[in-house]
Amino acid sequence: MSGRQLAFVGSSGDGNTITAIAVGPGDRLEVLATLPGPPSPSFALVGPAGRLHVTSEVEAGRVHSYAFAVESGQVRLRPVGEAPSGGSHPCHLGVDRTGRWVAVANYRDGSVAVHDAGGDALSGPVAVATPTG
């Protein structure tokens, strides 16, 4: 991947794939692989700990974590955790600078949940805030 960055894109809606894309010099894009993912993966984010986090934007929302590797031009994903998103239809993620805490925003009910991604798996949610009014 010399000189290129790796990005991941979900296939929200009826899809269940994650596409790995290399971003090269001059913002040139190259599709490296289309890989199996969770149902309706709407948001993907690589955290500072090198783990890929993906929302599954469905009624009973989920957040998934993957380890990934690029070897000989091949991208591989290995599931390392999955947990309820703390709400309905998760649509956005944020990760703290250590990679331990993953915040998930849920579209349908407006809730925000925090998950612990510091160990070998994803756990939680450890906290959920749901707006009222």
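I take buried to mean under 20% relative accessible area, exposed over 50%, and partly exposed in between, with a 1.4 Å probe and protein chains only. The model is predicted, and I note that local features need pLDDT of at least 70, side-chain atom pairs count only at pLDDT 80 or more, and totals for chains, interfaces and linings use all residues. Residues are numbered from 1 along each chain as its sequence is written, and side-chain values use heavy atoms, with hydrogens and water left out.

**Entry 1: H92**

I located H92 in strand β8, residues 90–95; strands (E, at least two residues) and helices (H or I, at least four) are DSSP runs, numbered from the N terminus. I then listed what H92 touches, with contact meaning heavy atoms within 4.5 Å. Beyond its neighbours within four places in sequence, H92 is in contact with F43, T55, A103, V104 and A105. I also looked up V102, which is 10 residues from H92 along the chain; their C-alpha atoms are separated by 10 Å.

**Entry 2**

I found an open sheet of three strands in the order β1-β2-β3, with antiparallel pairing; two strands pair if DSSP finds at least two bridges between them. Its edge strands, each pairing on one side only, are β1 (5–10) and β3. From one strand to the next the twist averages 25°, where axes are lines fitted to C-alpha atoms, for helices over the stretch in contact, and angles run from 0 to 180 degrees between N-to-C directions. Between the antiparallel strands β1 and β2 I noted six bridges, and F8 has A20 as its bridge partner in β2.

**Entry 3: the nonpolar cores**

I looked next at nonpolar cores, sets of buried Ala, Val, Leu, Ile, Met, Phe, Trp, Tyr and Cys residues joined through side-chain atoms within 4.5 Å. The largest has nine residues: F8, I18, A20, A33, L35, L52, V54, Y66 and V75. Two or more of these residues come from each of β2 (17–23), β3 (29–36) and β5 (51–56). Another core, of seven residues, lies apart from it and includes V63, V102, V104 and L122. For I18, I set aside neighbours within four places in sequence and found contacts that include F8, A33, L35, L52, V54 and Y66.

**Entry 4: β10 and β11**

Which strand does a hairpin join to β10? I found that the hairpin leads through six residues to β11. Strands β10 (residues 112–116) and β11 (residues 123–129) run antiparallel and are joined by four bridges. The bridge partner of A113 in β11 is V128.
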